[in-house]
Amino acid sequence: MTMSTTGGRRRPPTIHDVAREAGVSRGTVSRVLNGGHYVSPAAQEAVNAAIRRTGYVVNRHARSLITGRSDSVGFLLTEPQEKFFEDPNFNVLLRGCTQALAAHDIPLLLMLAGTEDERRRITRYITSGHVDGVLLVSSHSGNPVAEELSEAGVPLVACGKPIGLGSKISYVAADDRDGARDMTRHLLSLGRRRVGMVTGPLDTPGGVERLAGYKEVLAEAGVEVDDRLVVSGDYSRLSGERGAERLLAQVPDLDAVFVASDLMARGVLTTLERAGRRVPEDVAVGGFDDSPAALASSPELTTMRQPFDRISAEMVRVLLAQIGGEDTAAVILPTELVKREST
């Protein structure tokens, strides 16, 4: 291993050390570090072997001065901080995106912007060039962040189709509408006819699409779409509890509930137990996500599985392609019905 000392201290290996170890020029090492363009396979292998032997680590600050890039990506959650800790989906997405970027040696910066002041500060930070692109999670309609970043030319990929922005922004989404259709069909196949729904926020793509899928299947089955059977939630467990209370008050003969997230479904189960309703004998309950909350509930929850690993990987792939100069893209991934004890 090549290592120099200065004043008795070991000096970290430099690009010059790597070049000397590999027997190539400094320019060849630089080209390998910046993508391997115009480098022969033999020279690339020699440089990579020298990097491993010397323990060389890229000086990101120095490289950013040359390339104009930060070599980092932001994970932006436009929700209050408590939502990040309560909703398991956010942590699953964060972990998946972190792992996908690690394969490219790119760090991920977590950014929480739940208030207007936080959104302004973080937008300034991003547009000042501190990250090369943004993975945007939980975008509500009327929230200006997505459009502001897009207009500033920041590479951006949203989780879920941003409402009202058309093809301006890349996105990766589960097929919310089709998933809702599958769950509603499943509940009807059990012979249930008073099927209620606790929706997600109706200013989010998931909230809108899952409600639309539910209504479409009821109409196809000739089941009346009763407004009293639909209440809204905000994806929190408490909103599931309160939503179920409203449903039972408005429709006492309720015999099934489709809940737009597993966390809310846990709240629905709590209310049904408190009301003396057995699940699934009296009321069948279906969720959405197949998050850790589905297995932590009692009974375990029938739900629609979102492919979070694929969503994370695709968000990173699309963002890196966009950073590299490619156009915006849209990816929609299928969901899967997972049957458990609650139906």
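What follows is a short chat about a predicted model.

Student: What is the strand order in the open sheet of four strands?
Tutor: The order is β9-β8-β10-β11. The pairing is parallel.

Student: Which strands stand at the edges?
Tutor: β9 (230-232) and β11 (284-286). Each has a single partner strand, so one side of each is left without a neighbour in the sheet.

Student: And how much twist, on average, from one strand to the next?
Tutor: The average is 15°.

Student: How many bridges join β8 to β10?
Tutor: Four. β8 covers residues 195-199, β10 covers residues 256-259, and the two run parallel. Take Met-197 as an example: its bridge partner in β10 is Phe-258.

Student: Which strands does helix α10 touch?
Tutor: Helix α10 (residues 205-220) packs on the sheet and touches β8, β9 and β10. The direction of α10 makes about 170° with that of β8.

Student: What about α11?
Tutor: Helix α11 (residues 237-250) also packs on the sheet, with contacts to β8, β9 and β10. Its direction makes about 155° with that of β9.

Student: Switching to backbone geometry. Is the bond from Val-279 to Pro-280 cis or trans?
Tutor: Cis, with omega near 10°. Pro-280 sits in the loop between α12 (262-274) and β11.

Student: And Ser-298 to Pro-299, cis or trans?
Tutor: That peptide bond is cis too, with omega near 0°. Pro-299 lies in the loop between α13 (292-296) and β12 (303-305).

Student: What is phi for Tyr-235?
Tutor: It is near 75°, a positive value in a residue other than glycine. Tyr-235 lies in the loop between β9 and α11.

Student: Is Tyr-235 buried or exposed?
Tutor: Buried. Its relative accessibility is 18%, and the cut-off for buried is under 20%.

Student: How about phi for Asp-290?
Tutor: Near 55°, again positive in a residue other than glycine. Asp-290 is in the loop between β11 and α13. It is buried, with a relative accessible area of 18%.

Student: What does Asp-289 touch?
Tutor: Leaving out residues up to four places away in sequence, its contacts include Arg-210, Ser-261, Asp-262, Thr-303 and Arg-305. Asn-89 is also one of them. The side chains of Asp-289 and Asn-89 make a polar contact at 2.8 Å.

Student: Where is Asp-71 relative to Asp-289?
Tutor: They are 218 residues apart in sequence. In space, the C-alpha atoms are 32 Å apart.

Student: New topic: α7. What span should its 15 residues give?
Tutor: Helix α7 (residues 116-130) should span 21 Å at 1.5 Å a residue. Its end C-alpha atoms are 20 Å apart, which agrees.

Student: Which α7 residues are buried?
Tutor: Glu-118, Ile-122, Thr-123 and Ile-126. Seen down the helix axis, the buried residues of α7 fall within an arc of 130°, so they line one face.

Student: What covers them?
Tutor: The cover includes strands β3 (73-77), β4 (108-112) and β5 (133-137). Helices α5 (81-86) and α8 (145-151) are also included.

Student: And which exposed residues are on the face turned away?
Tutor: Glu-116, Arg-124 and Ser-128.

Key:
Residues numbered from 1 in each chain as written. Predicted model: local features only at pLDDT ≥ 70, side-chain atom pairs only at ≥ 80, totals over all residues. Heavy atoms only, no water. Pairing = 2+ DSSP bridges. Axes fitted to C-alpha atoms, helices over the stretch in contact; angles between N-to-C directions. Contact = heavy atoms within 4.5 Å. Buried < 20%, exposed > 50% of the residue type's maximum accessible area, 1.4 Å probe, protein only. Expected span 1.5 Å × (residues − 1). Arc of directions from axis to C-beta. Polar contact = N/O pair within 3.5 Å; in protein donor to acceptor, adjacent residues only side chain to side chain.
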